[in-house]
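Thanks for coming. I will go through one structure today, starting with a helix pair and then moving to a ligand and the overall layout.

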Amino acid sequence: MTAPKKLFIKTYGCQMNVYDSERMAEALGGQGYTEAKSADEADMILLNTCHIREKAAEKVYSELGRFKKLKAQKPDLKIGVAGCVAQAEGQEIMRRQPLVDLVVGPQSYHRLPEMEEKAREGEKVLDTDFPEEDKFEKLKRRPKSKRGPTAFLTVQEGCDKFCAFCVVPYTRGAEVSRPADRILTEARDLVERGVREITLLGQNVNAYHGAGANGDLTLAQLIWELDKVEGLERIRFTTSHPNDMMDDLIEAHGTCKKLMPYLHLPVQAGSDKILKRMNRSHTAESYLRLIERIRAARPDILISGDFIVGFPEETEADFQATLDLVEEVKYGTAYSFKYSTRPGTPAAERPQVDPVEADDRLQRLQALLTRQQREIQDSMVGREVGVLFEKPGRQAGQMLGKSDYLHAVHVADCDRQAGDLARVRIVSSRTNSLAGELID
Ligand code: SAH
Ligand code: SF4
Ligand code: F3S
C-alpha cells in the first residue's frame with residue numbers, strides 16, 4: 001500500500017488536455033494520489049501544457065519559476081510537465097528548469113505510475129515516445145464515482161493535415177482512432193456515473209475511422225452507436241476539418257435527435273491565396289458550399305469557427321476576404337488569433353506581417369465576430385430550447401445549464417437538479433448568457 005499523497009494538475013490548451021488531465025489523475029490514483037485543492041498542499045504538481053502559440057508555451061516557464069519557493073519549503077515535492085510543450089521541448093525543459101523531476105508527452109502518460117516511482121527515488125525521468133501500444137487500453141477502467149452531467153471522451157488523436165502554421169502534427173503525432181467498442185464501453189461507464197452529454201474529441205474528430213465489429217466506423221456511424229446508449233441524452237463532437245465533413249455526418253445532423261445543433265468548423269482564413277499557403281486544401285468557396293449543405297440538413301445549426309490573422313504575406317485585401325466570409329457565414333461563436341510563429345513549422349520561415357497591422361486586423365475581426373455572436377444569441381429570445389442543467393446559480397433557486405446550441409442559460413425559481421434536461425423558453429439575452437423559464 002502506498003501512503004496517501006496529493007496531486008495538483010493545472011491544465012492549459014484544448015479540451016483534449018482537459019480529458020488527458022482527468023485520465024492522468026486516475027492513473028496516479030493507483031499510486032495513492034488524491035486531488036489537491038491548490039499547488040500549496042500538493043506532493044506532486046503536474047502542468048499539462050499547450051504549445052499552440054508562443055504565449056501558451058512561455059507561460060509554462062513562468063509558472064514553473066513560481067514553484068521555486070514551494071520546492072525549497074518542501075523538498076519532497078515532485079514537479080512534472082506533461083502535454084504538448086513536454087513533447088516539443090522535453091530536454092529543453094529539463095535543462096532550463098532544474099526543479100522539474102518528470103517530463104511526460106501526451107502519448108506516454110499511461111507510463112506515469114512507473115515514472116512517478118522513479119521520480120520519488122530521486123531520478124529525473126523523461127518519456128516523450130510515441131509508443132506502439134494504445135495508452136488508453138493500458139490505463140485502468142475509469143472509477144465508478146459519481147460525476148457531473150457533461151464529459152469529454154477522446155476518440156481520435158493526432159493529425160496528418162500539416163497546416164503550415166500548426167504544431168499539433170508534431171506534438172500529437174499521426175492520426176489514430178480508438179476502436180469503437182472501447183469508446184462505447186467508456187461512454188456507458190460515464191452514463192452510469194451520471195453523465196448525460198458526451199463531447200467526442202479529436203484534433204480531427206471527423207476523420208475518425210475506428211475499428212468496429214464489421215470493419216472501420218465513420219464518425220457518423222460511431223454517433224449512431226452512441227445514440228443507442230440509454231441514458232445518454234446529448235452528443236457533440238469537436239474539432240472538425242472541412243475536408244472530412246462526410247455526407248453521412250451531415251445527414252446525421254438532420255436525423256439524429258441526440259446530436260446537438262452545434263458545429264465547430266474552423267476555416268482559418270477567407271482568402272484562397274492564404275488558404276493555399278496555409279496548406280488547408282480547401283477554398284473559401286468550397287467551405288461556403290459545405291456550410292450550405294450542412295444548413296440544408298439542419299437549418300438551425302449554430303456554426304462556430306477559428307481564424308488566424310496576420311499569417312505570413314497576408315495583405316489587407318486577403319484580410320478583407322476573411323471579413324467577407326465571416327459576413328456570409330454568420331458565426332454563433334468564434335475564436336480568432338494573431339498568427340504566432342512556431343519553430344519547426346513551414347510558415348515560420350516566411351516573411352512576417354507587421355505586428356501592429358496584425359493587431360489592428362485582429363481587433364476588426366473580433367469586433368465583427370462579437371457582433372454576430374450577440375445577434376445570434378439575441379435571436380434566441382422567444383424561442384423554446386432544450387437545456388441540460390449543470391449546477392445551481394449564485395442566486396437561491398437558480399439553475400445554470402447549456403442550451404442545445406451551447407449557450408449558457410440560467411433559470412430562476414427552478415425546481416430541477418443538475419443532470420435534468422428541460423424545455424425552456426428564452427426570455428432575455430445578456431452579454432454572455434441567456435435567461436429562460438421552464439415551459440412545463
Ligand atoms: N485541430 C483543430 C484545432 C487546432 S488548434 C483544427 O484543425 O481546427 C486550435 C486553433 O488554434 C486552430 O484552429 C487555429 O485557429 C489556432 N492556431 C493554430 N496554430 C496557430 C498559430 N501558429 N498561430 C495562431 N493560431 C494558431
Ligand atoms: Fe493543426 Fe491543421 Fe491539424 Fe488542425 S488540421 S490540428 S490546424 S495541422
Ligand atoms: Fe495545445 Fe496540444 Fe491542444 S498544442 S491546443 S494542448 S493539442
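**A helix pair, a ligand shell and the overall fold**

Helix H2, residues 54–66, and helix H4, residues 83–96, have axes that come within 11 Å and cross at roughly 35°. Before I go on, please keep in mind that this is a predicted model. The crossing of H2 and H4 is right-handed.

Which residues make the contact? On H2 they are Ala-57, Glu-58, Val-60, Tyr-61 and Leu-64. On the H4 side we have Val-85, Glu-89, Glu-92, Ile-93 and Arg-96. By class, the residues of this H2 and H4 contact are 6 nonpolar and 4 charged, with no polar ones.

Next, ligand 2. What surrounds it? The shell around ligand 2 contains Cys-159, Cys-163 and Cys-166, together with Phe-162, Phe-165, Val-168 and Pro-169. Lys-161, Asn-204, His-241 and Arg-280 are also part of that shell. Sorted by class, the shell of ligand 2 has 7 nonpolar, 2 polar and 2 charged residues.

Now the whole protein. The division is into domain 1 at 5–127, domain 2 at 136–378 and domain 3 at 384–438. Between the centres of domain 1 and domain 3, taken over C-alpha atoms, there are 36 Å.

For secondary structure, the protein has 14 helices and 21 strands. Its radius of gyration is 22 Å, close to the 22 Å from the globule rule for 440 residues, so the protein is as compact as a globular protein of that length. Along the principal axes, the C-alpha atoms fill a box of roughly 60 × 60 × 50 Å.

Methods
Residues are numbered from 1 along each chain as its sequence is written. Chains are lettered from A and ligands numbered from 1 in the order in which they are written. This is a predicted model: local features need pLDDT of at least 70, side-chain atom pairs count only at pLDDT 80 or more; totals for chains, interfaces and linings use all residues. Side-chain values use heavy atoms; hydrogens and water are left out. Axes are lines fitted to C-alpha atoms, for helices over the stretch in contact, and angles run from 0 to 180 degrees between N-to-C directions. Helices (H or I, at least four residues) and strands (E, at least two) are DSSP runs, numbered from the N terminus. A crossing is left-handed if the near helix is turned anticlockwise from the far one by less than a right angle, and right-handed if clockwise. Contact means heavy atoms within 4.5 Å. Ala, Val, Leu, Ile, Met, Phe, Trp, Tyr, Cys and Pro count as nonpolar, Asp, Glu, Lys and Arg as charged, and the others, Gly among them, as polar. A residue is near a molecule or strand if one of its heavy atoms lies within 4 Å of it. Domain bounds come from an automatic or database domain assignment. The radius of gyration is taken over C-alpha atoms; the globule rule is 2.2 Å times the number of residues to the power 0.38.
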